[in-house]
Amino acid sequence: MADMKSGPGATPRRFSAGLTNSSATRKPDTALRRRWDLQVGKTVPLPPAELADTGEFRVSIRGTKVYDAFIANISYNSTKTDGTWVNSRYFPDMIAIDVVRRGTWHFTRPRGRDRVAVPAGQFIARYNNSSWQFAVASHTTQKVMLPVAHLGPLIRKRPVLGSSGSAEMRLLLAHVRMIDATLDDLSPAGVHAARNALVELTMGVLTQKADGDEPLLAPALAQAAQELANTHLADLELSPAMLARELNVSVRTLQRAFAVTNESVTAYIRRQRLEQARHALITPHGRPSVSELAAHLQFADSSHFIRTFKECYGQTPAQYARSHGRTATP
């Protein structure tokens with residue numbers, strides 16, 4: 001069911017629809033659209049695609065409307081090797097960014113003008129006119145759709161392809177995840193600000209250069225840096241300089257972005273390393289020793305690790321493990 005913002009006259013911000021189709025269904029796209037309209041209403045149209053073939057499949061769409069922008073997670077599973085979807089005329093004046101998480105999307109246009117395969121870990125940004133078709137294997141994808149007025153000149157009617165791990169796409173996806181986490185608590189002004197940040201970050205993806213000094217983007221930059229740091233806690237090179245380099249901004253810009261979190265980059269890294277150590281100390285199986293933890297999480301030595309852990313949690317690692325029913329190995 002659609003999640004509705006409370007209050008009279010509220011506009012739905014979150015919504016979902018799904019369909020399990022058998023070969024007996026004559027017009028599966030019509031059935032899916034009817035279910036969407038029943039749940040959500042026509043104030044938020046179904047994402048612009050229609051199924052062109054039949055067969056057994058399952059499709060689900062979970063979406064978020066951010067002012068006049070649209071974010072959707074689309075999952076498609078079929079008994080066939082692929083399925084063909086055809087763009088309809090909903091949202092004709094939009095830029096669509098498809099981020100492929102699993103499988104491969106094969107995009108085509110009439111008369112062979114464009115034939116593009118987009119594998120997992122890649123994205124395609126395109127003007128969402130009605131001529132695009134795409135075939136997919138079972139996959140999950142994330143779609144960001146934005147008004148074309150701001151972005152059309154950047155795409156020049158040709159698709160833009162790239163890695164979803166690029167610095168600019170990391171920022172955009174971090175912002176998308178922040179929207180998903182906070183949307184229900186945002187005021188109308190907050191939703192509008194979130195939409196404006198989406199546009200700015202998408203411009204960064206299309207130009208391959210995000211404006212790190214734009215204050216509007218500071219939360220997304222801090223979020224992207226935190227997510228990146230969390231995957232590199234055991235790396236010796238993890239530092240503000242390494243994160244800034246990966247996100248294509250200066251260290252000063254990154255530190256300024258972290259000011260909104262009331263925590264420095266270095267303090268965040270140390271806190272996350274200690275949190276990882278805390279969880280490791282109370283894991284029931286395969287628990288590392290204190291010295292192994294210190295080395296794994298790049299502390300200078302065991303003494304430094306023990307001292308820092310105690311400052312944070314009020315107990316040494318061994319005391320903490322014992323108080324939670326474990327015995328810490330020196």
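1. Gln272 is buried in this predicted model, since its relative accessible area is 17% and the cut-off for a buried residue is under 20%. The residue belongs to helix α8, and, when residues up to four places away in sequence are not counted, Gln272 touches Asn230 and Leu233.

2. Helix α8, which spans residues 265-281, also packs against helix α10, residues 302-313, with the two axes coming within 11 Å and crossing at roughly 90°. That angle makes α8 roughly perpendicular to α10, because angles of 65 to 115 degrees are counted in that class.

3. Sorted by class, the contact of α8 with α10 has 7 nonpolar residues, together with 3 charged and 1 polar.

4. Which residues of helix α7 are buried? In this helix, residues 251-258, they are Thr253, Leu254, Ala257 and Phe258. These residues cover an arc of only 140° around the axis, which means that they lie on the same side of α7. As a general point, an α-helix has 3.6 residues a turn, so residues three or four places apart point the same way. The partners against which the buried residues of α7 pack are α5 (218-230), α6 (240-246) and, once again, α8.

5. For Met169, leaving aside its neighbours within four places in sequence, the contacts are Ile97, Val99, Phe123, Ser163, Ser164 and Val205.

6. Is Leu38, in contrast to the residues discussed so far, buried or exposed? Leu38 lies in helix α1, residues 28-39, and is exposed, because its relative accessible area of 71% is over the 50% cut-off. The C-alpha atoms of Leu38 and Ala17 are separated by 9.4 Å, while the two residues are 21 residues apart along the chain.

Key: Residues are numbered from 1 along each chain as its sequence is written. This is a predicted model: local features need pLDDT of at least 70, side-chain atom pairs count only at pLDDT 80 or more; totals for chains, interfaces and linings use all residues. Side-chain values use heavy atoms; hydrogens and water are left out. Axes are lines fitted to C-alpha atoms, for helices over the stretch in contact, and angles run from 0 to 180 degrees between N-to-C directions. Helices (H or I, at least four residues) and strands (E, at least two) are DSSP runs, numbered from the N terminus. Angles under 35 degrees count as roughly parallel, over 145 as roughly antiparallel, 65 to 115 as roughly perpendicular and the rest as oblique. Ala, Val, Leu, Ile, Met, Phe, Trp, Tyr, Cys and Pro count as nonpolar, Asp, Glu, Lys and Arg as charged, and the others, Gly among them, as polar. Buried means under 20% relative accessible area, exposed over 50%, partly exposed in between (1.4 Å probe, protein chains only). Contact means heavy atoms within 4.5 Å. The arc is that of the directions from the helix axis to the C-beta atoms.
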